[in-house]
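Here is a friendly walk through one protein model, moving from the overall fold to the details of side-chain packing. Keep the viewer open as you read.

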Amino acid sequence: MRRAFGLILLALGVFAVAGAVVLPTYVYPKLAKVPLDQDSTSVLEGTASKVLVVTDDGSGPVAKIRENAKLTATGHVQANFAAPEMQKDTDYAVWLLAVQVKDDADGALVTASKRQVCFDRRTAEGYEPNGATDPKCDAKSSYVTEPDGTNTDKAQPGLNFKFPFGTEQKDYKVYDDNTGAAVTAKYTGTETVNGIETYKFVQNIPDTKLDSKKVPGSLIGSAEASVTADLYYRGVNTMWVEPVTGIEVKQQQQQHQELRAGTSTTVVFDGTLAYNGKTISQMVDQVDENKGKLEFLSSTGPLWLGIGGGVLILVAVYLLVRRRPTPPPAPRQRRQVVFART
């Protein structure tokens, strides 16, 4: 009986130790991927000391600078299941991001942008045509929509939408919508956001020329009807990331844009926008839903399985190798001598 019990414990111990190895090395990589199905909205709110707004009073579009405007930026992310990469068990996802920034005063549109990107579901890295990442994404699955509505095929390298699972305390390249390039986001420490411990990353975008365009001369103090001006941009993006899930719990964007023509400079945007309270709560809910599952697969599960399996194996070995105690010798029986009577 003892031997049978020992063999059962040994089998359970070996199974537990095997699970401790398989969970982080095989199961975790299989399951730690963003879902293909995505339909979410995030909202950033803030104030701009200066913002260029184009309105139409019926006589044609009029561009003017507003001061101290309250703005709302709404970003909508949706999966594109028409893309060839969106197959069951694929390592890639194709998501479409549309962003609109409006003036709260009258709903006037400040900016609008749209882009689609094919990215790695584990690392969040966008597709790169030079082979820096596995080029399983179709080149046409990553594009940027131009102001005239046409789509331009464009790789979007760096992190997109989130940070990788198991985010580390190091610098990362994050894709910047404005410059269309991957810019380093430096790790600066830890902070608590709504009770969640996060890693803080700061991305500094240097003064960068974005475009040259025809603008009304009045915008830059010229008497001419229109002039060609260069649009420059610089900014600071701050991201608070929950490291287990890679979710950006909080985000803040400081942006400065100005038109330059000769010696004339006109600021067309200077403001700061950040996730509102509702969006932060949504991100925290996502963390609460997924963090425990990921930690069980990558750390707590293997730890307890390893400890428990080791204990079971030790107990089983003890039971199997321990000798049975030698039974005590049987007591001698006294002979009874019977004398027959004569």
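## Overall picture

Of the 342 residues of the protein, 40% count as buried. Please keep in mind that this is a predicted model. The protein has two helices and 12 strands, and from the N terminus on the elements run α-β-β-β-β-β-β-β-β-β-β-β-β-α.

How much of the contact list, at a separation of 6 or more, comes from residues 24 or more positions apart? Such pairs account for 60% of those contacts.

In soluble globular proteins, nonpolar side chains tend to be buried together. Here the largest nonpolar core has 22 residues. Val51, Leu71, Val110, Val249 and Ile280 are the members with the most contacts inside this core. Two or more residues each come from β1 (39-56), β2 (61-79), β11, β12 and α2.

Leaving aside neighbours within four places in sequence, Val51 is in contact with Lys64, Ile65, Arg66, Ala69, Leu71, Val110, Val268 and Phe269. A second, separate core has 20 residues, including Val77, Leu97, Cys118 and Val244.

## The disulfide

A disulfide is a covalent bond between the sulfur atoms of two cysteines. A search of the whole structure finds one disulfide. Cys118 and Cys137 form this link, with their sulfur atoms 1.9 Å apart. The angle about the S-S bond is -65 degrees, and the link of Cys118 and Cys137 is left-handed.

Which parts of the chain does the pair tie together? Cys118 lies in strand β4 (residues 109-120) and Cys137 in the loop between β4 and β5 (143-145), so the link joins parts that are 19 residues apart in sequence. Are these cysteines buried or exposed? Cys118 has 0% relative accessibility and counts as buried; Cys137, at 5%, counts as buried too.

## Aromatic pairs and charges over rings

A pair of aromatic rings is described by the distance of the centres and the angle of the planes. The count for this model comes to eight aromatic pairs. In one of them, the ring centres of Tyr172 and Phe201 are 5.8 Å apart and their planes stand at 75 degrees, so the pair is edge-to-face; the angle needed for that label is over 60 degrees. This pair links distant parts of the chain: Tyr172 is in strand β7 (residues 172-176) and Phe201 in strand β9 (residues 196-216), 29 residues apart. Tyr172 counts as buried at 10% relative accessibility, and Phe201 is buried with a relative accessible area of 0%. Both rings belong to one aromatic cluster, formed by Phe163, Tyr172, Tyr187, Tyr199 and Phe201.

Lys162 lies over the face of Phe165, at 4.0 Å from the ring centre. The charged end of Lys250 sits over the ring of Trp240, 4.6 Å from the centre of that ring.

Thr245 is found in the loop between β10 (226-242) and β11 (247-261). This threonine is buried, with a relative accessible area of 2%. The side chain of Thr245 reaches the backbone nitrogen of Ile247 at 3.3 Å. Apart from neighbours within four places in sequence, Thr245 is in contact with Lys162, Phe163, Phe165, Val287, Asn290, Lys291 and Leu294.

Thr266 has its place in strand β12 and is buried, with a relative accessible area of 14%. Leaving aside neighbours within four places in sequence, Thr266 is in contact with Leu219, Ile220, Gln257, Glu258 and Leu259. Asn276 is found in the loop between β12 (264-275) and α2 (277-321), and this asparagine is buried with a relative accessible area of 14%. What does Asn276 contact beyond neighbours within four places in sequence? The partners of Asn276 are Val43, Leu44 and Glu45. The C-alpha atoms of Asn276 and Gln251 are separated by 9.3 Å, and the two residues are 25 residues apart along the chain.

Conventions. Residues are numbered from 1 along each chain as its sequence is written. This is a predicted model: local features need pLDDT of at least 70, side-chain atom pairs count only at pLDDT 80 or more; totals for chains, interfaces and linings use all residues. Side-chain values use heavy atoms; hydrogens and water are left out. Rings of Phe, Tyr and Trp (its six-membered ring) pair if their centres lie within 6.5 Å; planes under 30 degrees apart count as stacked, over 60 as edge-to-face and the rest as tilted. Helices (H or I, at least four residues) and strands (E, at least two) are DSSP runs, numbered from the N terminus. Buried means under 20% relative accessible area, exposed over 50%, partly exposed in between (1.4 Å probe, protein chains only). A charge sits over a ring if NZ of Lys or CZ of Arg is within 6 Å of the ring centre and within 35 degrees of the ring normal. A polar contact is a pair of N or O atoms within 3.5 Å; within protein, one must be able to donate a hydrogen and the other to accept it, and residues adjacent in sequence count only if both atoms are side-chain atoms. Contact means heavy atoms within 4.5 Å. A nonpolar core is a set of buried Ala, Val, Leu, Ile, Met, Phe, Trp, Tyr and Cys residues joined through side-chain atoms within 4.5 Å. A disulfide is a pair of cysteine sulfur atoms within 2.5 Å.
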